Structures are given as C-alpha cells and as structure tokens.
Amino acid sequence: MADGDDAAYDPMKDPERRPRRSTDPGWNYGYMVTPGNNNIVKCNRCGKVTQGGIKRHKEHLAGTGGDAAGCPRASTKLRREMYEYLEKNRRNQPLPNDDDGVVEVDAAGTATIQGSTTRPTSGTAAKKNKRAFAVRVSGKKVQSVAAKSVASMLRRKPEDIVDERRSRCSQSSMESSTKIEEELHYVNMQWALFFYECGIPFNVASSRQFQIAIEASCQCGSGYKPPSPYHLREPLLRDCVKETKLLRVKHEPA
C-alpha cells in the first residue's frame, strides 16, 4: 500500500474491523483492534481500547459497567443512546431451580406456586439463586414478570426498617448484634472519611433518606456498585422527578 493510501486509511470504514452482519450501534463508535477479533475494541472517540467485546465498549460509551468516568468525548445524547440500548437488551432470565416457580394469585388473594420451565441464558451463580415469578390474577393475562430471590420477597423494605428505627421502637437484629467492635469502627471510619473528603454537612447523617440508602445498599449485598455521575445526572434524575410528581399527585387530594 502506498504512503498516501496509509495516511488516508480509516479503520472505521474497513469492513474487516467489524462483524459483517452486526447491527449493534456500538460498532458505529469503535472498531476491532485486530480484524476478526471482536473481543478487543478501540473507541473512535477517545482512542481507549477495551476488552470484553462490543458490550464492554458500549458500557465505556455510556459510562457504566465499572467505567464510571466513561468516554470523555461522548456527548450526552450518545451516552443516553448506549445506556438505553444496554438496558433494553439486558438479559435477566434465571436458571431453573428446584424451587423455581410461578406464583398465581386468585381473586381471593391466595397465592400458589407452580413449576417453572424457564431456560437459562448463562451460568452465573447470581442467576442460580433467583427464581422467576409471574403474578397472575385468575382469568386475566399476566400482569408482571420479575426475577426475585426468595429472600428479597421475605425481606422488609428499607423504608419500613428505617422508620421503625427512627421511632425508637426497633430492636437490634441478630446479625448486627454479633458484629465485633473493630468491624463496626472500620465501617464508621469509611463513612467519616467520605463526609470529610466530600465536605458533606454532618447533619446529613440524620437524614431519613440517607439511612434508607444505607439500608438498601446493605440489603443489596457485597459487590453493589453505586451509580455513576452519568446515572445521577441523567436517568436517575428523571426517575426521581417522576416519583416526586406521583407523590405530589397522591397527596394533593388529601
């Protein structure tokens, strides 16, 4: 190839640098570093190379999936496009367990569990610990389907736990009472450092919503990743605005 051709070469226009039949929008903003190897993708916006296929590249563009900073040259529109595409195509089908089942609720409110024939989409341990629930009302179509663990169905809501605690009518749980002093001190130190580093007013610690957020995080378990700046700025802000409007409508008649 001549030097002039080398200077004009654009990997984004090279059909060997992307799957031939793929319609994934992620390929509009990146290409294979090595032709034929779609596991390693280079961003055509900032030049970052990611490993993990086109999904990992889309998470880089959206600023999710462990890449909280995201692509520094991605526009808000592009971030939203990639985030919505990832959410739309998220697979959340659990592996079948002995206790997998469908919960049917009749008109009297009686719930029964039947066997499930849900097929797995992956072998992750998280999905093995989930069961598929379809809530039906007799004689009507399925109203909602969601993947929930048994523990999550029996667990109390964070709001209820915090309200009871703030009313000073609650008792320490068995788990919290068995924590050694060193463990509790370590956790408290991390929160103290967070407050000092970010300049957060100390009275925030008395906020009901702050305590609910901590309880919800604890219930989610180890490995929970907090929302990225993009999530706080875009989708979560929109959801909070919607929820606030619903609460206002709910309380207006009163």
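Trainee: Is H2 mostly covered or mostly uncovered, and how many of its residues are buried?

Mentor: Please bear in mind that this is a predicted model. H2 is mostly covered, with 8 of its 10 residues buried.

Trainee: Which residues of H2 are buried?

Mentor: The buried residues in H2 are Gly 53, Ile 54, His 57, Lys 58, Glu 59, His 60, Leu 61 and Ala 62.

Trainee: Which residue follows H2, and what is its phi?

Mentor: Gly 63 follows H2, and its phi is positive, near 80°.

Trainee: Let us turn to the core. Which residues make up the largest nonpolar core?

Mentor: The largest nonpolar core has 11 residues: Tyr 29, Cys 43, Leu 61, Ala 62, Cys 71, Ala 74, Leu 78, Met 82, Tyr 83, Leu 86 and Tyr 230. At least two residues of this core come from each of helix H2 (53–62) and helix H3 (76–88). H3 provides the largest share, 4 residues. As general background, nonpolar side chains tend to be buried together in soluble globular proteins.

Trainee: What is Ala 74 in contact with, leaving aside its neighbours within four places in sequence?

Mentor: With those neighbours left aside, Ala 74 is in contact with Leu 61 and Arg 79.

Trainee: Now the aromatic residues. How many aromatic pairs are there?

Mentor: The count comes to 6 aromatic pairs. One of them joins Tyr 83 and Tyr 230 in an edge-to-face arrangement, 5.8 Å centre to centre with 70° between the planes.

Trainee: Why does the pair of Tyr 83 and Tyr 230 tie together parts that are apart in sequence?

Mentor: Tyr 83 lies in helix H3 and Tyr 230 in helix H10, so the pair ties together parts that are 147 residues apart in sequence.

Trainee: Are Tyr 83 and Tyr 230 buried or exposed?

Mentor: Tyr 83 has a relative accessible area of 16%, so Tyr 83 is buried. Tyr 230 is buried as well, with a relative accessible area of 1%.

Trainee: Why is the pair of Trp 191 and Phe 210 edge-to-face?

Mentor: The ring centres of Trp 191 and Phe 210 are 5.2 Å apart and the planes are at 80°, so the pair is edge-to-face; the cut-off for that class is over 60 degrees. The pair links distant parts of the chain, with Trp 191 in helix H8 (residues 181–198) and Phe 210 in helix H9 (residues 208–220), 19 residues apart.

Trainee: Which residues form one aromatic cluster?

Mentor: Trp 191, Phe 194, Phe 195 and Phe 210 form one aromatic cluster. Within it, Trp 191 counts as partly exposed at 33% relative accessibility, whereas Phe 210 counts as buried at 18%.

Trainee: Finally, how many cavities of 30 Å³ or more are found, and which residues line the largest cavity?

Mentor: The search of the whole structure finds 1 cavity of 30 Å³ or more, and about 30 Å³ of space lies in the largest cavity. Its lining consists of Pro 11, Met 12, Asp 14, Arg 17, Arg 18, Trp 27, Gly 30 and Tyr 31. These lining residues divide into 4 nonpolar, 1 polar and 3 charged.

Note on methods:
Residues are numbered from 1 along each chain as its sequence is written. Side-chain values use heavy atoms; hydrogens and water are left out. On a 1 Å grid over the protein atoms alone, a cavity is a set of points where a 1.4 Å probe fits but cannot get out, and a pocket is an open set with protein on both sides within 12 Å along at least five of seven lines; lining residues have an atom within 4 Å of a point. Grid points are joined across faces, edges and corners, and a volume is the space filled by probe spheres set on the points. Ala, Val, Leu, Ile, Met, Phe, Trp, Tyr, Cys and Pro count as nonpolar, Asp, Glu, Lys and Arg as charged, and the others, Gly among them, as polar. A nonpolar core is a set of buried Ala, Val, Leu, Ile, Met, Phe, Trp, Tyr and Cys residues joined through side-chain atoms within 4.5 Å. Buried means under 20% relative accessible area, exposed over 50%, partly exposed in between (1.4 Å probe, protein chains only). Contact means heavy atoms within 4.5 Å. Rings of Phe, Tyr and Trp (its six-membered ring) pair if their centres lie within 6.5 Å; planes under 30 degrees apart count as stacked, over 60 as edge-to-face and the rest as tilted.
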